[in-house]
Amino acid sequence: MTSNECLAYIVNEIHSTVFATVDKNGNPVTCAIDIMDYDENGLYFLTAKGKSFYDRLKNHSHIAFTGTKGRDTLSSIAVSVQGKVREIGSDRLTSLFEKNSYMTAIYPTVESRNALTVFRIYEGTGEWFDLSKKPIERFSFSIGNREENIHGYFVNEQCINCKLCYSKCPQKCIDYSTTPVQIIQKNCLHCGNCYEVCPVRAIEKR
């Protein structure tokens, strides 16, 4: 999937997410936030200026959120994003209400919407994690100009192809047909079993 397709999935399929911000003392705080729209510039959500959530966004522009869709754990797709937000005011407020008509039940009149303001997640990285597939599937994507995160476990030239890593891998996502062996990143759980069992420390965590 492309980055834009991931953003569309967040808005149209997941929609309601758990947001993490920090308070003035640096303590983490979570709240439920709907991601209401997206475009080539990022993701959009709104809040009221009187809320503590608004204060946290203004005091610290870094956020993170996670959303899931599925009947249960093994049928779920989880998408997580870390990034920066910027307040853009009321410019997109009308279009967000048009696209998310349920908001009129919360703020029924134009007057009641005076305190609302829109934020854009304009830069960040995300991860797609699909437990409904076997083996699992994961990949990274980016928002704005942020480079995608490269993280996980990688095999270096010290590998002796002993296959111990493969024997401990719950997803069997290690190709041992070559030396060094290769971890198939899109199917890796990042559990670290391979790292722990390697007798020559040929597996690196990034």
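## Surroundings of I203

Leaving aside neighbours within four places in sequence, I203 is in contact (heavy atoms within 4.5 Å) with Y153, F154, V155, C165, C194, Y195 and C198. I203 belongs to strand β12, residues 203-205; strands (E, at least two residues) and helices (H or I, at least four) are DSSP runs numbered from the N terminus. With a relative accessibility of 7%, I203 counts as buried, a term for under 20% relative accessible area, with exposed over 50% and partly exposed in between (1.4 Å probe, protein chains only). From I203 to P180 the C-alpha distance is 9.9 Å, across 23 residues of sequence.

## Model and overall form

This is a predicted model, in which local features need pLDDT of at least 70 and side-chain atom pairs count only at pLDDT 80 or more, while totals for chains, interfaces and linings use all residues. Residues are numbered from 1 along each chain as its sequence is written, and side-chain values use heavy atoms, with hydrogens and water left out.

The protein has five helices and 12 strands, and its C-alpha trace spans about 70 × 35 × 30 Å along the principal axes. Of its 206 residues, 42% are buried. Among contacts with a separation of 6 or more, 62% are between residues 24 or more positions apart.

## Nonpolar cores

A nonpolar core is a set of buried Ala, Val, Leu, Ile, Met, Phe, Trp, Tyr and Cys residues joined through side-chain atoms within 4.5 Å. The largest has 26 residues, of which I10, F19, L43, F45, F65 and I121 touch the most other members. Elements supplying at least two residues each include α1 (3-14), β4 (42-48), α2 (52-59) and β7 (116-130). Helix α1 gives the most, six residues.

Apart from this core lies another, of 13 residues, among them Y153, C169, I174 and V181.

## Aromatic pairs

The structure holds 10 aromatic pairs. Rings of Phe, Tyr and Trp (its six-membered ring) pair if their centres lie within 6.5 Å; planes under 30 degrees apart count as stacked, over 60 as edge-to-face and the rest as tilted. The ring centres of F45 and F119 are 5.7 Å apart with planes at 10°, so this pair is stacked. Because F45 lies in strand β4 and F119 in strand β7, the pair ties together parts that are 74 residues apart in sequence.

Y54 and F119 have ring centres 5.9 Å apart and planes at 70°, so they are edge-to-face. Y54 and F119 are both buried. One aromatic cluster is formed by F19, F45, F53, Y54, F65 and F119.
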